[in-house]
Amino acid sequence: MILRMSSLFLRTLREDPADAEVPSHKLLVRAGYIRRAAPGIYTWLPLGLRVLRNVERIVREEMDAIGAQELVFPALLPREPYEATGRWTEYGPNIFRLKDRKGADMLLGPTHEEMFTLVVKELYSSYKDLPLSIYQIQNKYRDEARPRAGVLRGREFVMKDSYSFDVDDEGLAASYERHREAYIKIFDRLGFDYVIVKAMSGAMGGSRSEEFLAIAENGEDTFVRSPGGYAANVEAVVVPQAEPVDASGVPAAEVVDTPDTPTIDTLVDALNAKHARADGREWTAADTLKNVLVMLVHPDGTREPLAIGVPGDRAIDEKRLGAQFEPAEVVAFEESDFEKFPSLAKGYIGPGVLGAENTSKIRYLLDPRIAEGSAWVTGADKSGYHVINLVHGRDFTADGTIQAAEVRDGDEAPDGSGPLASARGIEMGHIFQLGRKYADALDLKVLDRNGKLVTVTMGSYGVGVTRAVAAIAEGNHDELGLVWPREIAPANVHLVATGKDAEVFRKAAELAAELESRGLTVMYDDREKVSPGVKFKDAELIGVPTIAVVGKGLAEGTIEVKDRRTNTSADVPLTEVVDHLV
Ligand code: ATP
Ligand code: MG
Ligand code: MG
Ligand code: MG
């Protein structure tokens, strides 16, 4: 294929777009890959679409290689399945909702667990049908609070989402492992410097969850890792407190007084209790916190994190422990949730509830009995600022000022594998053992080999496809422009014809045709009346990794071949150039 610059639908820009802060966003707009249509919503121009298709191809090949089968769901979905799983409410303002002409509620799918579960339920009924992995590469819609950095965090974006269906836990573990291996291949091929970290739900009982983070300064996630191989998103780190918390400095008015054997109602009440702030206004944990994690401490000393509400984050509500609360409103837990967690009834919750007024100031409540090490609470305020493993005196003072909010560099890893160091990353993929949450909610059962109906166990696995394009650009550019990895680039060779000599253009066209016949995609700058300087600048900005210049050298029978990554060049004899380039 030949992309002729004289007619290619492309205009490069010399100026950075005013709304762009990170390099990938600036360069993708300037080099003519994407255009903003609305905040967080982007148009893919021909060059961008070629790159996007390349990422999709890699993802598709690796999914197909593990036997996953592709299908496509609609993005426009009915409310009912999402109602049945609680996510219609749980996702809160992140869902794009609409009504059809008859007044029925609909949504634009933010993720498709429900739809996949239902289609398997409709078509399959026996253990013999399983295991099954199915996937789609499709547009997702999330009304993100802060769309950011171009397509890095969009409100419409392309995700590859796959789902595995197994009859038992071993099957799920195997399906998860297969996806994990496929993801390693995908992110290797995409050329990422990445790390696989424990993700939030990893702390939730037996279920396993990991994220693939591209290491990048501009990433929104913070992870920690140890020399001994521990790696976790800071959201998921639960570091046992080295020292018991001394709550003696906690003002009495800010201590939640709960009975020794609190019930879930106690906890809900504590979340809704009104407290006076220093300025006299009232606040509750429920309306200031985005989510709360309560640590349960069992009689044998083992600790267990318990999520009690995280609107919009499917990672944490895995056990449907009640009650996803909307800000300022705590929905009551169901008795059945309670049964799933017998430790709630037996164990001592020793509730401390942490409240955040705003991003910079955090108020806390602590039960002085926390000093006995019975329990503690971590939380995150609505900005997503995560607060973990608080130690009184170290992390906050008696007036509620937080001094440190995250696990610190140099802290020992929870598994004892050495001191932790933190860095930033971009979440590129997320794999997740869902277990039976969705199958339970939507009643997906099959007959097992004994003829007994059993609930299917599921995994879900996502890759951010449009995000990957931005993340690759974020990691592959220099001061001149983009530098694509070969497998991702919009073309194999950027062929530039310079000067006014008709012979140059004739030779270049010939070369383009020959390269095309050898299976390459050639971006051919055949523009007349455009100076060599402009052509080179465009080539550097666009970032095809190999640039071949047909120009002055032609008189001596050579073509200049530049390596865009090293910005070095060599004169290659015309007779050898095709073999050199393919
Ligand atoms: P994030 O923490 O960045 O908001 P997420 O955890 O909400 O992502 P998942 O629900 O795990 O996202 O979705 C799977 C993948 O989809 C993510 O790993 C990410 O690569 C991609 N993704 C999620 N949200 C967006 C978005 N707004 N724009 C682009 N890609 C996204
Ligand atoms: Mg998100
Ligand atoms: Mg995430
Ligand atoms: Mg995720």
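Here is a short tour of a predicted model, one selection at a time.

**Stop 1: helix H1**

Start by selecting residues 23-30, which form helix H1. How many of the 8 residues of this helix are buried? The count is 6 of 8, so H1 is largely enclosed by the rest of the structure. To see which ones, colour Ser-24, His-25, Leu-27, Leu-28, Val-29 and Arg-30, the buried residues of H1.

Now bring up what covers them. Strand S2 (34-38) and strand S3 (41-44) are part of the cover, and so are helix H12 (465-475), strand S26 (477-478), strand S27 (481-482) and H14. Before you leave the helix, click on Gly-32, which follows H1 and has a positive phi, near 80°.

**Stop 2: Leu-28**

Stay in helix H1 and pick Leu-28. This residue is buried, with a relative accessible area of 1%. What is around it? Leaving out neighbours within four places in sequence, Leu-28 is in contact with Tyr-33, Ile-34, Val-151, Val-469, Ala-470, Ala-473, Leu-482 and Trp-484.

**Stop 3: Asp-526**

Next, jump to Asp-526, in the loop between strand S29 (522-525) and helix H14 (532-542). Is this residue buried or exposed? Asp-526 is buried, yet has no salt bridge. The nearest side chain of opposite charge belongs to Arg-4, 4.5 Å away, and a salt bridge has to be within 4 Å. Show Ser-6 as well: its side chain makes a polar contact with the side chain of Asp-526, at 2.7 Å. Beyond the residues up to four places away in sequence, Asp-526 touches Arg-4, Met-5, Ser-6, Phe-505 and Lys-535.

**Stop 4: rings**

Time for some aromatics. The model has 10 aromatic pairs. For one of them, select Phe-187 and Phe-192: their ring centres are 6.1 Å apart and their planes are at 50°, so the pair is tilted. Both Phe-187 and Phe-192 are buried.

**Stop 5: charges over rings**

Finish with two charged side chains. Select Trp-88 and Arg-97, and you'll find Arg-97 over the face of Trp-88, 4.6 Å from the ring centre. Then go to Phe-536, where the charged end of Lys-562 sits over the ring, 4.4 Å from its centre.

Definitions and conventions. Residues numbered from 1 in each chain as written. Chains lettered and ligands numbered in written order. Predicted model: local features only at pLDDT ≥ 70, side-chain atom pairs only at ≥ 80, totals over all residues. Heavy atoms only, no water. Helix = DSSP H or I, 4+ residues; strand = E, 2+ residues; numbered from the N terminus. Buried < 20%, exposed > 50% of the residue type's maximum accessible area, 1.4 Å probe, protein only. Lys, Arg positive; Asp, Glu negative; His and termini not counted. Polar contact = N/O pair within 3.5 Å; in protein donor to acceptor, adjacent residues only side chain to side chain. Contact = heavy atoms within 4.5 Å. Phe/Tyr/Trp six-rings, centres within 6.5 Å; stacked < 30°, edge-to-face > 60°. Lys NZ or Arg CZ within 6 Å of the ring centre and 35° of its normal.
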